[in-house]
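Subject: Structure for you to look at

Hello,

I am handing over the structure I promised, and my notes on it follow. Please read them with the model open beside you.

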Amino acid sequence: MRVVVAMSGGVDSSVAAALLAEQGHEVVGLSMHLYDNSDPAQAWGSCCTLDDLQDARRVASLVGFPHYIFNFERQFQDTVVSNFVREYAAGRTPLPCAHCNSDLKFSTLLERARGLGADQVATGHYARVDRSPDGRWRLKRSTDPGKDQSYFLFSLTQDQLAHARFPVGSLPKSAVRDHARRLGLAVAEKPDSQEICFVPDGDYASFVERREPALALGGAIVNEQGRQVGTHGGVHRFTVGQRKGLGLSSSAPLYVTRIDAETSTVTVGVRSALERTQLTASHVNWISIAAPTSPVRVSAQIRHRHQPGAGSVVALPDERAEMIFDEAQTAVTPGQAVVFYSGETVVGGGWIE
Amino acid sequence: MHRIYLDHNATTPVLPEVADRAAAALRDEFGNPSSVHHFGQQAKAAIDEARTLTAALLDGDPAEVIFTSGGTESDNIAIRGAADALEASGRRHLIVTAIEHEAVLNTVKALARRGWRVTLLPVDQTGVVSPDALRAALDEDTALVSVMHANNEIGTIQPIAELAHLAHSTGAIFHTDAVQSAGKLPIHVKALGVDLLSISAHKFYGPKGVGALWVRRGLRVLPVLTGGRQERNRRAGTENVPGIVGMGVAARIAQAKMDQEGARLALLRDRLEAGILAAVPGTAVNGGGSARVANTTNISFERVEAESLLIALDLDGVAVSTGSACSSGTLEPSHVLKAMGLPTHRTQNSIRFSLGAANTDADIDRVLAILPGIVTKLRNLTRAVRA
């Protein structure tokens, strides 16, 4: 069977491709050229740069399958980058990797794959997909809990999951690197990517300001009582739960508790002011079940590195949902995803309002 | 899988005779052609023979041929070297066409940053420059005019003799990039009336990394690479002897086969073109209304992503390209098709088929058998996704 592998140039997607080829599939490697990263004077993340595309090409050549590069600069700008800037400008904290998965890899790239006679797109994500007895496609956590990336895949629809394949999803990272060494892949020791790939030097604030200069005008920092305690250089520089970089002195540590982009106001408070037992989410995608009309017990994860909190979720009209936690959670951050799990299975997820 | 190569304008497979001659030079003629002793003389004799063969392909004098590292370097020496030599004359204006290869376009851009005035000549809908446009652009300040002989993307042939005559009438010198015509069209440098002419060996079954610049006797061109006095002080650096002797053999064979091979390829190309136009709705030939080199056709496929079509064909064993190889990997629509004034749906969805020595009737049959199905599949998918 012909399978397209989305190759970022990292060790995970490289091993994913090599394993599929070993299993006898006809692998076609596709890399996405997403942004102009040709300026050697800037430090780019370690994903999808020209060097990474070359790494992907070397893996393809060594294993012996064809590899092509699609130029998706325009699509990437129109979906992932514009959303990233819009979210920061609205005082929220975006999660571009999730958009890249649902809006590019498993939409535009999948569409191209189908045009090439491939019915599946494989990636190097640490997640698993299977089919329940009642015919629903299910998304599950990776068997390596430290590497699990199901959080970033919550917005894949049933149709997208049906065509998704995660060859390294049931392997621990160490085993993936072992495979890479066994296969002689030059990327075996390549470090994991950390930063957001399209922002040079990890400087999100400058990146956003270049596109929305008015944000840099800044505004007031106020306390929970509404009294001004300082000024700031733009709401895009803050995220709910942030402690560092506030430039305030106080007896108790202060955290960002609220961001109001309309008035360009950042509210700060003590740690307890960050606690919430309730949240609502929009654009909710239900995966293992249909939208639940009565509360369902789940554990909900509100950011990538977050110990999920137990509670109940119920669907609201207009693809929204309300989550009530048993115990208060710290820093529920608008713009991030909330993903509902039952055990290791993703029940669904949405965007925190 | 039997693979069909239809990308000869990007590069051609090296002929066995060429490879043998180059290999012999690598093994046996290792001397430095500048050396006085036997080994040097042997290498020098080898490149002299290649110079004669290369000059014969252009109907020029061997003493007028400079060996270079390829078409890009030849274009650079022609334009930069002539511009440098003409700087003292006070003329500071260059004219090139909008459809030149990047080797010319980016070279004049670099000169523009140094204060040279540059005019880009427009082309008509079939990709041809009009002499009137050149006449209008020329003035007393014009130092050099550069117009390619045949275009790499669409194959159209420019009226070089007429354009060169015009350029000379105001005292400008004339360069032509003949990289895509050398070995395909008869070239007589004197009849064309040019002052400088660039060629590249790997476009006519020679090795990569070697080319030549023909420089009319008496024309001053300053070196771009500075160093030793090789190539009559116009191109420093120890000569690429294996590449040069390989090019000589390639030039000899290209010249001997040119008429017959051109006629053969024209038949194949015309059959491919007519077959695609008949079998695939929403297709159009770009540059079809004018004289073209025999091996090239450039076809736009409405509502098809050219990148996807190229990859789908490659997975089925057919190698083609979108526009020029140099612009692959960029989103920019072809600057050539844009200069022809074609609408976006044609500039972004075009595929170049360029035929060559190994292609047969059976190859064309195979392409015509699989292409319509691939296009239909890609189009249905686009419709399904947009619906």
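Two strands count as paired if DSSP finds at least two bridges between them. With that in mind, please also remember that this is a predicted model.

I began with the sheet of chain B. Seven strands make up this open sheet, and their order is E2-E8-E7-E6-E5-E3-E4 (chain B), with mixed pairing. At the edges are strand E2 (65–68) and strand E4 (117–121) of chain B, each of which pairs on one side only. On average, and ignoring direction, neighbouring strands of the sheet are turned by 20 degrees against each other.

One pair in the sheet can be followed in detail. Strand E6 (residues 173–177) and strand E7 (residues 196–200) of chain B run parallel and are joined by three bridges. Within this pair, His175(B) is found opposite Leu196(B) of E7(B).

Two helices of chain B are worth a look alongside the sheet. Helix H2 (residues 38–58) of chain B packs on the sheet, where it touches E2, E7 and strand E8 (211–215) of chain B. The direction of H2 makes about 110 degrees with that of E2(B). Helix H3 (residues 71–86) of chain B lies across E2, strand E5 (142–146), E6, E7 and E8 of chain B, and H3 runs at about 160 degrees to E7(B).

Next comes the contact between the chains. Chain B contributes 13 residues to the contact and chain A contributes 14 residues. On the side of chain B that touches chain A, helix H10 (306–315) and helix H13 (361–386) of chain B each supply at least two residues. The largest share of that side comes from H10(B), with six residues. Sorted by class, the side of chain B that touches chain A holds seven nonpolar, three polar and three charged residues.

Finally, chain A by domains. The domain assignment of chain A lists domain 1 (2–201), domain 2 (218–269) and domain 3 (275–352). How many Å separate the centres of domain 1 and domain 3 of chain A, taken over C-alpha atoms? The separation is 25 Å. In the contact between these two domains of chain A, 17 residues of domain 1 meet 15 residues of domain 3. Strand E6 (residues 137–141) of chain A gives the largest share of the domain 1 side, four residues. By class, the side of domain 1 of chain A that touches domain 3 of chain A has six nonpolar, five polar and six charged residues.

Happy to talk any of this over.

Best wishes

Conventions. Residues are numbered from 1 along each chain as its sequence is written. Chains are lettered from A and ligands numbered from 1 in the order in which they are written. This is a predicted model: local features need pLDDT of at least 70, side-chain atom pairs count only at pLDDT 80 or more; totals for chains, interfaces and linings use all residues. Two residues are in contact if their C-beta atoms, placed from the backbone, lie within 7 Å. Ala, Val, Leu, Ile, Met, Phe, Trp, Tyr, Cys and Pro count as nonpolar, Asp, Glu, Lys and Arg as charged, and the others, Gly among them, as polar. Domain bounds come from an automatic or database domain assignment. Axes are lines fitted to C-alpha atoms, for helices over the stretch in contact, and angles run from 0 to 180 degrees between N-to-C directions.
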